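Please brief me on this protein chain. I want its cores, a pocket and some strand pairings, in short points.

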Amino acid sequence: MASLFVIQGRDQGTRFVLEEPVHSVGRTHDNSVRLHDTEISRAHAELIRQGDSYILRDLSSSNGCFVNGQPVDEHELVSGDQLQFGKSLLLYTGFVEDTLEDIADKIDIDPKPHSGDSSRIVAVVGQSEGSEWLLPGADESSSPYLARARSNLQIMYRTALAVSHTMDIDQLLARIMEMIFEWVDADRGCIMLKDIETDKLVPKVRRHRRGIRTDEKITISKTILDYVVEHNEGVLTSDARDDKRWDPAQSIVKLGVREAICVPMQGRYDVVGVIYIDTSITPQRMLMNEGKADQFTEEHLRLMIAIAHQAALAVEDTSYYKAMVQAERLAAVGQTIASLSHHIKNILQGVRGGSYLIELGLGDHGQASNESDSKAASAAVDTIRKGWNIVERNQDRISKLVMDMLTFSKEREPEPEPSNLNRVTSEVVELMQARAEELGVKLQWTPAETMPTLMFDPEAMHNALFNVVTNALDACEESDDGLVTVHSEFDSEKKLAQVVIEDNGPGIAPEDLDAIFNVFISRKAGRGTGLGLPVSRKILEEHGGQILVDSEPGRGSRFQLEFPANVATPKKKTSSPTHATMASAKLPPNAHSDASSH
């Protein structure tokens, strides 16, 4: 599927899927590719499909269309082309799968050497050894030309390493500026980037000579900046008064700058900013440097242009990466809103149905009261009760949905307290018995014979167990002899506490097992929110545990919830019973070690 992805501009992160034979590009709502860019015409361009590609055609737009930086009236697009409309830059992805060449049969790797093959390995160099040649201190016994070349390669090598180790633009620019001051004897420096909206240069990083801490402002000549940006050329000024390209009345003279280098940060298709360095002259330094050659040379200028190009590519890559992240976030937000809207709509429909029954019952009850008809009044009350039960169930559904959302989205630390896992599990089973009877499913609970008092968050663990047991019951709804068994275990050797929940439902297909813990993935045909299992897994992981799943289609599923068994330290005996003793005394009969299944 072909698409356009906005990597620069107000719509950065937006992706347009190209499915129709013709797509229009413009800034009004009637365009299938609508861009909120004031420099784009109402009807700017159109994309016409021809076979497995699209033709871009300019519709006599005011500011034109550009492909890979070149103006075009009509152009056949290929995957990877960058389209510019106004200030918006879009990446075109075509039908790549249909255009890739299959070269597997064009390359043959022969495992057996030919008898006549006289080739042999004459030298071996590892990655680390190869890199050492680019590091300072390498052999400098060769010619001065090679020494300078090696020095420049060292700089570019370190620049490449610097720009590849961060995706944060501010850190990237700060590191580039730091390295420039290591390589070039400059007094001041500044990196400025173009603002996408205003097209103006905005300072991002400034630097003064090492060892000098000052609040002095760096005032940069607008004459130089304008020339560099407009001509896309780096400039070296050595004594501004002798440089006839600059108007003597301009700021470069007033600042007293003796030497300056300003280079464009040329990316793949546009200038993204500039790098500026200079040496400011003082009377003392004039006396000290009298008769000496200039500090900056054309070699410095060429080196700075190369560094600026590397930095510009890194800035573009970082911007593209941020656009991709933003697109993923927007897609996730859209999926979340769509899923929540669907679930909330179903709940509201349930509330509306219950409210209708209540309203109907109230009307019937009022009429029966006027007619003194006790049977009709009793029937009306039953109708009201049914309606209220429906409202109450949907109230519980919306409450659980909200709580699951909060649990899943909020980073929290468990609040462990001395608790009995048998008791917590027993409460969940007891709470779900009514639901099991309603579905016609048998629910059995077998507690561990030995279960010490452990340190865990009982409320969170209750929620985790509740979600898994609910899913198991729902899975058995269509089974003739639905059965869900719950049992707890304590492994003293592995120091693990476990609750195992098994059902004889339809099971889960192998290809679906990896997706059951994804948010909003539900197999309940619209009745589930798709948050239950992700929330349960998150709770177990917060306790340092996990959920293990074993399922086979047609034979049911087995969920094993386990977490480290941190045994609670017994409190010293006092005149009143301890918390652990009180908790044990409160256990229901089916939670003690001699409890039987039911």
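Predicted model: local features only at pLDDT ≥ 70, side-chain atom pairs only at ≥ 80, totals over all residues.

Residues are numbered from 1 along each chain as its sequence is written, and side-chain values use heavy atoms, with hydrogens and water left out.

**Overall make-up**
- The protein chain has 14 helices and 23 strands. Helices (H or I, at least four residues) and strands (E, at least two) are DSSP runs, numbered from the N terminus.
- Of the 598 residues in the protein chain, 40% are buried. Buried means under 20% relative accessible area, exposed over 50%, and partly exposed in between (1.4 Å probe, protein chains only).
- Take the contacts between residues at least 6 apart in sequence: 60% join residues at least 24 apart. Contact means heavy atoms within 4.5 Å.

**Nonpolar cores**
- The largest nonpolar core holds 42 residues, and Leu473, Val484, Val486, Ile501 and Leu561 touch the most other members. Elements that each supply at least two residues include helix H10 (421-439), helix H11 (458-475), strand S20 (483-491), strand S21 (496-503) and helix H13 (532-542). H11 gives the most to this core, nine residues.
- A nonpolar core is a set of buried Ala, Val, Leu, Ile, Met, Phe, Trp, Tyr and Cys residues joined through side-chain atoms within 4.5 Å.
- Leaving aside neighbours within four places in sequence, Val484 is in contact with residues including Leu443, Leu473, Cys476 and Ile501.
- Another core lies apart from this one; it has 31 residues, among them Ile180, Leu236, Leu301 and Leu303.

**Helix H13**
- H13 is mostly covered, with nine of its 11 residues buried.
- The buried residues include Leu533, Val535, Ile539 and Leu540, and also Lys538 and Glu542.

**Second largest pocket**
- The second largest pocket has about 1100 Å³ of space. Grid points are joined across faces, edges and corners, and a volume is the space filled by probe spheres set on the points.
- On a 1 Å grid over the protein atoms alone, a pocket is an open set of points where a 1.4 Å probe fits, with protein on both sides within 12 Å along at least five of seven lines; lining residues have an atom within 4 Å of a point.
- The lining has 37 residues, and Gln8, Lys194, Ile196, Asp270 and Val272 lie nearest the centre of the pocket.
- Helix H8 gives the most to this lining, with six residues.
- The lining divides into 13 nonpolar, 10 polar and 14 charged residues. Ala, Val, Leu, Ile, Met, Phe, Trp, Tyr, Cys and Pro count as nonpolar, Asp, Glu, Lys and Arg as charged, and the others, Gly among them, as polar.

**Strand pairings**
- Two strands pair if DSSP finds at least two bridges between them.
- Strand S7 (residues 65-67) and S10 run antiparallel, joined by three bridges. Phe66 stands opposite Gln84 in S10.
- S10 and S11 also run antiparallel, with four bridges. Gln82 stands opposite Leu91 in S11.
- Two residues separate S10 and S11 in a hairpin, where Gly86 in the turn has a positive phi of about 60°.
- A five-stranded open sheet has the order S4-S3-S5-S6-S9, with mixed pairing. Strand S4 (33-34) and strand S9 (74-76) are the edge strands.
- Two bridges join S3 to S4, which run parallel. Val25 stands opposite Val33 in S4.
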